[in-house]
Every structure is written in C-alpha cells, then in structure tokens.
Amino acid sequence: MHLLENISIKPYTTFGIEAKARYFAEITSVDQLKEIFHEPRVAGLSFLPIGGGSNMLFASDYDGVIFRMGIKGISVAALDENYSLVTGNAGEVWDVFVDWCVSHGYAGVENLSLIPGTVGSCPIQNIGAYGVEVSDAIEYLTAYDKETGEIVTLQNTTCKFGYRDSIFKHEAKGRYIILSVTFRLAHHPTFHTKYGAITAELEAMGITTLSIEAIRKAVIAIRSRKIPDPFIIGNAGSFFKNPTINTDHYNRLKAEYPTIVAFPLPDGSFKLAAGWLIEKCGWKGYRKGDAGVHAYQALVLVNYGTATGHEIISLADDIMLSVYNTFGVHLDMEVNVI
Ligand code: EPU
C-alpha cells in the first residue's frame, strides 16, 4: 500500500472541485485496508473511504486519510431456478457491474444504468432511478468493521434502507468500510417501465419486445440527455433530495401552482419534484462564475471548471432559501459535504 502525501483529490471526484488530502491511498485488497488502519504515520487521523467520488463535495482540504476502494471482481452463485446471487466487490464501477449483469441475463439493476459511482458506495445513499432503488435488489453486503477489526455480513434489513438513505448515513456512519455487495437478481425479469420517461423512450426507440437490454439502452439515452457527463461538466447528480410534504400543504400548493409535479405516497403525503420547484424559482441555467444550475435538469448543480466548494454551497443555500420562501418547502442536500 502506497501512502501519498498532500494530494489533490480533484481527479477522484465527479464535481472536480480543487481540494487536498493530507494522505491518499489506493486500496486493492482487504489486507491493504487492514494495513492502513495500523499505519503509524496516520495514527490519530480521520479516514474517508471514497468510491467514484460521485456524491461528495469538498468544502475544504481534508486533514486526514482519503483512500479509494479499488477491490475488483464479480462472482455468481446460483440460488434457485429463478434467482442468482451476484456479488460485486466494492471497487467495481457501478455501471460496469450493471452492464455485466444485463449482458449475462441477470435482471434487477438495469433501471439503475449509468449512475456514477461504485458497487461499494451504492448502498450508502441507496441509489435509485426510474422506479427502482438498489435496496430492492440487495440481499446482503460485507464490510470491514473499524470498531472490531472484523469482517461482517449485513443483511438487507439491517441496513435500514430508505429514500436515498441507510444506516451508513446515521448510526453506522464512519463505522463500516463496504467490501462487497451481493444482489438477488432474477433469471426471468420483471420490467419496471411505469416511470413515464422510460415508456416514451422505448416507444421512440421503436422497441416492441421488452428486454433488460432495451431498458438499459432507454435509461442511458434519457440520463445522457438530462444529466451532464462529469468528464465534461463537474457535477454530483441530483444535489438535493425530492422533498415530502403533507396533504394540506400539497393541496394549498396545487391550488396556487396547478402544474406542480408531485407523486402521492402510501401514507397520504406527497413527494415533490425538487427540479420543478427550483426551475419555477428561476434557477434553471443560472450561472455565477463557474458555479451553476444545469440548463436541462435544475436538480443538478454544476462546476464549469474552477468553482470552489464554498461557491457551490453558497449557490445551494440561495436555492434552498428561495424555494422555502416561494413554496414553504425545505430542501435537503443529497450530496455529502465534506
Ligand atoms: N422537472 C422540472 N424541471 C427540472 C427537472 C425536473 O420541471 O429542471 C420535473 C419534470 O416534470 C420531471 C420531474 O421533475 O417529470 C422529475 O424529473 P426527473 O425525471 O428528471 O427526476 P428527478 O426527480 O429530478 C430523480 C432522482 C435522479 C434519478 C431520476 C430518474 C432524486 C434526488 N433524484 O430525479 O437520481 O435519476 O429521478 O429516476 O431522487 C441522483 O440521485 O443523483 C439522481 C440523478
């Protein structure tokens, strides 16, 4: 394991914000991972594991150890005639893993095509798109427990998955380093095409016979149009979560803004499209210096080149304030600010 000092982490994050790590290491085996926690040079410092660096924003330099999880590998174990257990090691790039599953005929993650990040980071914020959350497919995961030095197996229910949420953001924050994730994937797919954009895209593509390959293609086409490629414009996907409000609040907003985009939830509350709220406040396409709001998807904040973490956060604060003043709705950041 090679420990680098005073390293720019800009190339390791999709936002492309300049920040330095006091120490940086690439981890490619469990032994290296154990080694780093016992390295005398870093004793007493804090540790930050990163995957694709796709959901984080550095507001300042990191006075600790950042290590990139690079443990690769995909394996399969048959479960029964209908399902297989497919395991991806933490360092596998998420979309490479999805592509592997789709091309080998394992169904369940195709709607999550092209989401940036790695297999190891997907459970933390329970990535989701087009009517599917990754927690729908996760059976269990393995992780290194920093408190005990043991490798543990955490079953799906133990992870307390919610909308862009899990124990890894709360009571277990900082405790576990995810090593691998095992998915229960189907041999005979159930297609999730209800999400409006997918049906329309499949129609536009002239697809009449559904398949997981076709869904992957449709999702890639939609995402490529709406969400900027981080290699071209720095971003971390959706910057905010879609907020939930109660029925009374929804009825009042609906009366005043008949075109508001909202989805009823089973408990009677409503989830609002934050992109719609932000756009309605006039932010879509806004740019100040190199910090901006994407022109095609107002939920995505962008770095056109040299924006600082503070400039992005200041823009996010202004957006949150104007959405609150206009709709009485509080937006929560989805991105992890370091
Ligand atoms: N909308 C607008 N203006 C905008 C953006 C969206 O009016 O600028 C409205 C549109 O009417 C659209 C609705 O909002 O129908 C929903 O927009 P979209 O389908 O783009 O999805 P989203 O709710 O903005 C969520 C996820 C995305 C995921 C998409 C597709 C969150 C925070 N974001 O975005 O996930 O790809 O749905 O399922 O839940 C991510 O988490 O980083 C991410 C990209």
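These legends describe close-up views of a predicted model. Local features need pLDDT of at least 70, side-chain atom pairs count only at pLDDT 80 or more, and totals for chains, interfaces and linings use all residues. Residues are numbered from 1 along each chain as its sequence is written, and side-chain values use heavy atoms, leaving out hydrogens and water.

**View 1. The shell around the ligand holds 24 residues.** The closest are Tyr130, Tyr163, Tyr195, Glu279 and Ala298. By class, the shell has 11 nonpolar, six polar and seven charged residues.

View 2. In the side chain of Glu279, an N or O atom is 2.6 Å from a ligand nitrogen.

**View 3. Arg184 and Glu139 form a salt bridge (a side-chain nitrogen of Lys or Arg within 4 Å of a carboxyl oxygen of Asp or Glu).** The N to O distance is 4.0 Å. The two residues are 45 apart in the chain.

**View 4. Arg175 forms salt bridges with Asp145 and Glu147.** The closest N and O atoms are 2.7 Å apart for Asp145 and 3.5 Å apart for Glu147. Relative accessibility is 2% for Asp145, which is buried (under 20%). Glu147, at 59%, is exposed (over 50%). Arg175, at 26%, is partly exposed (in between; 1.4 Å probe, protein chains only).

Conventions. A residue is near a molecule or strand if one of its heavy atoms lies within 4 Å of it. A polar contact is a pair of N or O atoms within 3.5 Å; within protein, one must be able to donate a hydrogen and the other to accept it, and residues adjacent in sequence count only if both atoms are side-chain atoms. Ala, Val, Leu, Ile, Met, Phe, Trp, Tyr, Cys and Pro count as nonpolar, Asp, Glu, Lys and Arg as charged, and the others, Gly among them, as polar. Helices (H or I, at least four residues) and strands (E, at least two) are DSSP runs, numbered from the N terminus.
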